[in-house]
Amino acid sequence: MSAATGPASGLPPGAASPAAASPPAARQNRLGLLVGDYKGGKTTLCAGCGHNAISERLLEAYFDLGIAPEQVAKLSGIGCSSKTPAYFMGRSHAFNTVHGRMPSVATGAVLANRTLHAVGVSGDGDSASIGIGQLVHLLRRNVPLVYLVENNGVYGLTKGQFSATADPGSTLKGGEVAELPAIDLCALAIELGAAYVARSFSGDKKQLSVLLRGAIAHGGTALIDVLSPCVTFNDHEGSTKSFAWVKEHDEPLQELSFVPAFPDIAVDYDPGTTTEVALHDGSRLRLRKLGADYDPRDRAAALTRLMAARGTGEVLTGLLFVDPKAPTLVERLRLPEAPLATLPPERVRPPPAALDAINAALR
Ligand code: SF4
């Protein structure tokens with residue numbers, strides 16, 4: 001029904017009433033795409049699961065950076081976390097691998113097409129147990145990939161058994177106590193030579209958004225361990241991965257802001273108290289130090305700080321370590337600019353004479 005105009009309505013004849021005014025134009029990114037172009041299917045995870053918030057942050061990051069969904073490859077393993085690529089960016093490439101095998105499939109995908117932006121979504125079960133052998137080699141190779149661990153300390157998909165990241169002394173809903181030492185995936189990644197390592201919390205929208213943008217711009221393997229509470233099996237008193245515990249023990253290392261390579265975002269900051277890190281694609285991370293000095297470019301200091309936090313029960317969040325100059329696997333292999341997948345067979349297969357020469361050399 002159209003709204004009335006004229007003297008009785010207080011509006012000039014023919015004028016559109018506020019109710020009839022067009023809605024504000026939906027925001028477009030620099031490609032002219034709408035947020036709706038980055039949506040995926042409807043989530044089937046439990047209401048309140050931390051993983052849903054992470055999917056939202058990912059979607060926003062790719063939208064804001066103006067990366068076309070078709071330029072993104074989403075990879076995952078098995079677990080509640082590994083279901084999430086179905087819930088964002090439905091137009092992207094996607095491959096849901098078997099348990100713990102995402103790193104090798106991701107490596108193949110990135111080497112076959114170096115122009116893709118790869119994001120691997122995994123969980124603490126998928127990454128810290130069955131997949132840890134694959135993860136460590138992905139890290140030491142510096143495969144260009146954003147590697148997200150949605151870490152809740154339990155196997156949610158199989159009803160809440162402890163995973164290898166559960167802190168000793170923490171309890172399950174039924175009262176069972178974790179006794180084994182926890183694997184700290186950030187410490188492991190820093191030790192193995194990873195060049196972008198961060199920890200965040202699914203409930204910290206601002207920090208996670210900046211860390212994700214930095215990870216996408218980084219260029220090599222960027223591991224972000226995101227504490228993402230399982231509201232169904234591990235959100236009780238006694239859990240060190242619950243919303244309440246993480247909020248209470250969160251110790252952010254910096255206040256972060258991100259300046260993308262395209263110059264249309266202004267960031268307000270005080271130059272006297274910040275560190276700036278230039279990333280692979282020309283974007284910059286600005287880090288305002290909080291409390292004690294912390295330089296995320298010092299690998300040994302990052303490990304020392306993580307060990308100290310373990311002793312005091314702090315959950316350190318923020319950018320733990322970054323080395324934007326570390327060569328990626330693509331650079332080490334000196335791959336051509338054109339994706340391997342687009343090259344004709346004669347450029348990617350050695351001719352028979354070359355194979356004969358290799359065989360002859362081995363005789
Ligand atoms: Fe999330 Fe836990 Fe539910 Fe899995 S079981 S969807 S991890 S809340």
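G153, F162, A166, S170, T171, N234, S239, T240 and K241 line the largest cavity of this predicted model. The chain also builds an open sheet of eight strands with mixed pairing, and an open sheet of three strands with antiparallel pairing. A ligand has its own shell of residues, L45 and F233 among them.

**Cavity**

- The structure contains one cavity of 30 Å³ or more.
- The space in the largest cavity comes to about 30 Å³.
- Its lining counts two nonpolar, six polar and one charged residues.
- F162 and A166 are among the lining residues, and both belong to the nonpolar class.
- K241 is also part of the lining, and Lys counts as charged.

**Ligand shell**

- Around the ligand stand L45, C46, C49, H51, C80, N152, G156, C230, V231, T232 and F233.
- By class, this shell has seven nonpolar and four polar residues.
- No charged residue belongs to the shell.

**Eight-stranded sheet**

- The strand order is β2-β1-β3-β4-β8-β7-β13-β9.
- The edges are β2 (93-96) and β9 (250-252).
- Each edge strand has a single partner, so one side of each lacks a neighbour in the sheet.
- From one strand to the next, the twist averages 20 degrees.

**Strand β8 and its partners**

- In the sheet order, β8 sits between β4 and β7.
- Strand β4 (residues 145-151) runs parallel to β8 (residues 221-227), and seven bridges join the pair.
- L145 of chain position 145 faces T221 in β8.
- N151 stands opposite L227 in β8.
- Strand β7 (residues 196-201) also pairs with β8 in the parallel sense, over five bridges.
- On that side, A198 lies opposite I224 of β8.

**Burial of β8**

- How many residues of β8 are buried? Seven of the seven are, so the strand is largely enclosed by the rest of the structure.
- T221, L223, D225 and L227 point one way from β8.
- A222, I224 and V226 point the other way.
- Both sets are buried, D225 included.
- Buried here means under 20% relative accessible area.

**Three-stranded sheet**

- The order is β10-β12-β11, and the sheet is open.
- Which strands stand at the edges? They are β10 (254-259) and β11 (274-278).
- Each of these has a single partner strand, so one side of each is left without a neighbour in the sheet.
- The twist between one strand and the next averages 20 degrees.
- β11 pairs with strand β12 (residues 284-289) in the antiparallel sense, over five bridges.
- Within that pairing, R286 in β12 is the bridge partner of E276.

**F243 and helix α8**

- F243 belongs to helix α8, which spans residues 243-249.
- Is F243 buried or partly exposed? F243 has a relative accessible area of 22%, and buried means under 20%, so F243 counts as partly exposed.
- F243 and E255 are twelve residues apart along the chain.
- Their C-alpha atoms are separated by 21 Å.

Conventions
Residues numbered from 1 in each chain as written. Predicted model: local features only at pLDDT ≥ 70, side-chain atom pairs only at ≥ 80, totals over all residues. Heavy atoms only, no water. 1 Å grid on protein atoms, 1.4 Å probe; cavity = no way out; pocket = protein on both sides within 12 Å on 5 of 7 lines; lining within 4 Å. Points joined across faces, edges and corners; volume = space filled by probe spheres on them. Near = heavy atom within 4 Å. Pairing = 2+ DSSP bridges. Helix = DSSP H or I, 4+ residues; strand = E, 2+ residues; numbered from the N terminus. Axes fitted to C-alpha atoms, helices over the stretch in contact; angles between N-to-C directions. Buried < 20%, exposed > 50% of the residue type's maximum accessible area, 1.4 Å probe, protein only.
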